[in-house]
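Please look through the sequence and the three-dimensional view before reading on. The report below takes up the chain as a whole and then turns to particular helices, cores and loop residues.

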Amino acid sequence: MTVNRFVSAAVAFFLVFVFFGQQEVLAQEGIKERMRERLPEILQLKAQGIIGETNDGFLAFVGEKRAKEDLVQAENLDRRRVYAAIAQQQGTTAEFVGKRRAQQLAAQAKPGFWLQDESGSWYQKK
């Protein structure tokens, strides 16, 4: 699968999962577009082993190397908003939504991407 097709598929899946029922509110805030625009750079940082997906649905730096910290912070802020919107809609907590999303992201991760297990330890997907 080409990078562009992968990005499109990842964005589509995330948007369907995340924004169902909250599309209008989140679209007005520009979250969907910002996340879509950041995704190629996020995938690049993941491929370089700089960032990974935490067990609670956020991005984190895996080692000492830091790159595009503002991008990572912005993505995590938007994810936090999305998880809160979903939690409100579903009558649950944002933490629960984030953990569920983390499981989906881990299942979809490409080999070599860094993920965090339940105990918080980092591992590379095989």
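## Contacts and overall layout

Among the contacts in the protein chain with a separation of 6 or more, 50% are accounted for by residues 24 or more positions apart. The model is a predicted one, and of the 126 residues of its protein chain 40% count as buried.

The secondary structure comes to five helices and four strands, and, read along the sequence, these elements follow the pattern α-α-α-β-β-α-α-β-β.

In soluble globular proteins, nonpolar side chains tend to be buried together. Here the largest nonpolar core has nine residues, namely Ile42, Leu45, Ile50, Ile51, Leu59, Phe61, Ala67, Leu71 and Val72. The elements that give two or more residues to this core are helix 3, strand 2 (59-61) and helix 4 (69-90). Another core, of eight residues, lies apart from this one, and Phe58, Val82, Tyr83 and Ile86 are among its members.

Ala67, leaving aside neighbours within four places in sequence, is in contact with Leu45, Ile50, Phe61 and Val72. Ile50, with residues up to four places away in sequence not counted, touches Leu45, Ala60, Phe61, Val62, Gly63, Lys65 and Ala67.

## Helix 4 and its two partners

On the side of helix 3 the contact is made by Ile31, Arg34, Met35, Arg38, Glu41, Ile42 and Leu45, and on the side of helix 4 by Leu71, Val72, Ala74, Glu75, Asp78, Arg79, Arg81 and Val82. By class, the residues of this contact divide into eight nonpolar, no polar and seven charged.

Helix 4 also meets helix 5 (residues 94-108), where the axes come within 8 Å and cross at roughly 115°; the two helices are therefore roughly perpendicular to each other, and helix 4 passes helix 5 in a right-handed crossing. Helix 4 contributes Arg79, Tyr83, Ala84, Ile86, Ala87 and Gln90 to this contact, while helix 5 contributes Ala94, Val97, Gly98, Arg100, Arg101 and Leu105. Sorted by class, the contact of helix 4 with helix 5 has seven nonpolar, two polar and three charged residues.

Is Gly49 buried or partly exposed? With a relative accessible area of 25%, Gly49 is partly exposed, whereas Ile50, with a relative accessible area of 4%, is buried, since buried means under 20%.

Both residues have partners away from their own stretch of sequence. Gly49 is in contact with Val62 and Trp114, leaving aside neighbours within four places in sequence, and the C-alpha atoms of Gly49 and Trp114, which are 65 residues apart along the chain, are separated by 6.7 Å. Ile50 and Val62 are twelve residues apart in sequence, and their C-alpha atoms are 5.8 Å apart in space.

## Two further loop residues

Thr54 is found in the loop between strand 1 and strand 2, and, with a relative accessible area of 9%, Thr54 is buried. Once its neighbours within four places in sequence are left aside, Thr54 is in contact with Leu59, Ala60, Ala102, Gln116 and Trp122.

Lys68 has its place in the loop between strand 2 and helix 4, and at 46% relative accessibility this residue counts as partly exposed. Most residues other than glycine have a negative phi. Phi of Lys68, by contrast, is near 55°, a positive value in a residue other than glycine.

How values were computed
Residues numbered from 1 in each chain as written. Predicted model: local features only at pLDDT ≥ 70, side-chain atom pairs only at ≥ 80, totals over all residues. Heavy atoms only, no water. Buried < 20%, exposed > 50% of the residue type's maximum accessible area, 1.4 Å probe, protein only. Contact = heavy atoms within 4.5 Å. Core = buried A, V, L, I, M, F, W, Y, C linked by side-chain atoms within 4.5 Å. Nonpolar A, V, L, I, M, F, W, Y, C, P; charged D, E, K, R; others polar. Axes fitted to C-alpha atoms, helices over the stretch in contact; angles between N-to-C directions. Parallel < 35°, antiparallel > 145°, perpendicular 65-115°, else oblique. Left-handed = near helix turned anticlockwise from the far one by under 90°.
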